[in-house]
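Here are my notes for your review. Please read them with the model open.

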Amino acid sequence: MATTSSDFLVQRLYDWGVSMVYGYPGDGINGVLGALNRAKEKVRFIQARHEEEAAFMACAHAKFTGEIGGCVATSGPGAIHLLNGLYDAKLDHQPVLAIVGQQATTALGADYQQEVDLVSLAKDVAGQYVHMASSPAMIGSGFPYAEFLPREGDARGVQIDLNPRMLSLRYPMEVNLQGDSSLTLRALLPLLEKKRDRHWRETIEKEVRDWWLVMEARAMMPANPINPQRLFWELSPRLPENCIITCDSGSAANWYARDLKMHPGIMASLSGGLASMCPGVPYAIAAKLNYPGRAVITLVGDGAMQMLGINGLITISKYWKNWSKPTLVVLVLNNRDHNMVTWEQRVMNGDPKFDAS
Ligand SMILES: Cc1ncc(C[n+]2csc(CCOP(=O)(O)OP(=O)(O)O)c2C)c(N)n1
Ligand SMILES: [Mg+2]
């Protein structure tokens, strides 16, 4: 395999005497993790349960060994989590190197998922040492998963958005309408002419019906100990009226998006733009504090549960007795894996599974 820039980076860490890096995976740094796996005899990767923990460990590594402490985290939320440990190193004058990912250069500045101004974020703690490595690229669409959009010219687009800055960002629209979507659509209704030819609409309806059959078939596939999609599929018709659902980043977010049929009265949310791990349980507690009479269900992976969710259980134990209805279900998908990311590493990067991560 050709040497990637990540292999080069890991070799440079080794040359500089970094024998161990502490970190947490994520798609922003999957390339570096692949390279660490290939160079595991040179630089050892230690998996923390939280990026903040990784940064504290890197600081202690520097304190106790005199070496540079290394830590690695994904873009956006991962980088934000590192900060406290990095400040600890700065204020105790310890040499710590943090490597974080960033979104593709083509997407920067265009409201891409997980984009955070990392240079500004690290500016105070890293001073003149903050450095962004990138390769020149043309600015393109800012839509996450832009590969699924039609090619420019292949479709006619109308966009309604509250924020005018977002208009035509993702695709050159024929009509750009700034405003609230429901009010705007209502204002447009009288202008519509009912079409006689229902062909296109019927095709879409059939495709949606077929998709639900695919979802059901996937959910019914047997698995040991359990097929998580089956769980979400069965949960869907049993969702209590007016319940509030919260979800964490990870494979739970996939099943939440695909298998649950929401109906009016349900409120549901996850960390959409930042796509951070951890919000599942805190969101659920806030939901319960504001709507103590409603059932709240949170869908969380074992990684996120270990990262922050278990602390939330302590918060729950302090407040739950005041809730008129105590129903708060914490569903933990215990696959003993960072499943979403280990699959990204395998499918998107073509790397073997890096068990240490
Ligand atoms: C703070 C933070 N760190 C890392 C990531 C990258 N990331 C997204 S999903 C995921 C896997 C989480 O594992 P788990 O909670 O066990 O869910 P699973 O996919 O295994 O169901 C990771 C590491 C992130 N989104 N946010
Ligand atoms: Mg997991």
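**Notes on a predicted model**

1. Helix α4 bends at L83, by about 35 degrees. Keep in mind that this is a predicted model.

2. How far apart are the end C-alpha atoms of helix α4? They are 23 Å apart. The helix covers residues 77–91, 15 residues in total. At 1.5 Å a residue it should span 21 Å, so the two values agree.

3. Next, the packing of α4. P77, G78, A79, H81, L82, G85, L86 and A89 are buried. After α4 comes H93, with a positive phi near 55 degrees.

4. Helix α4 also matters for the ligand shell. It supplies at least two residues of the shell around ligand 1, as do α9 (251–259), α11 (302–319) and α12 (339–347). In total, 26 residues surround ligand 1. The closest are G26, G250, G301, G303 and N339.

5. What is the make-up of that shell by class? The shell around ligand 1 has 13 polar, 10 nonpolar and 3 charged residues.

6. Why does ligand 1 lie between domain 1 and domain 2? Because domain 1 (5–134) and domain 2 (221–337) both give residues to its shell.

7. Last, helix α10, residues 280–290. Its buried residues are G280, V281, Y283, A284, I285, A287 and K288. The buried residues of α10 pack against α11 and against the strands β7 (244–247), β8 (267–269), β9 (296–301) and β10 (328–333).

Conventions. Residues are numbered from 1 along each chain as its sequence is written. Chains are lettered from A and ligands numbered from 1 in the order in which they are written. This is a predicted model: local features need pLDDT of at least 70, side-chain atom pairs count only at pLDDT 80 or more; totals for chains, interfaces and linings use all residues. Helices (H or I, at least four residues) and strands (E, at least two) are DSSP runs, numbered from the N terminus. The expected span of a helix is 1.5 Å times one less than its number of residues. The bend at a residue is the angle between axes fitted to the seven residues ending there and the seven starting there. A residue is buried if 20 or more other C-beta atoms lie within 10 Å of its own, exposed if 12 or fewer, and partly exposed in between; C-beta atoms are placed from the backbone. A residue is near a molecule or strand if its C-beta atom, placed from the backbone, lies within 6 Å of it. Ala, Val, Leu, Ile, Met, Phe, Trp, Tyr, Cys and Pro count as nonpolar, Asp, Glu, Lys and Arg as charged, and the others, Gly among them, as polar. Domain bounds come from an automatic or database domain assignment. Two residues are in contact if their C-beta atoms, placed from the backbone, lie within 7 Å.
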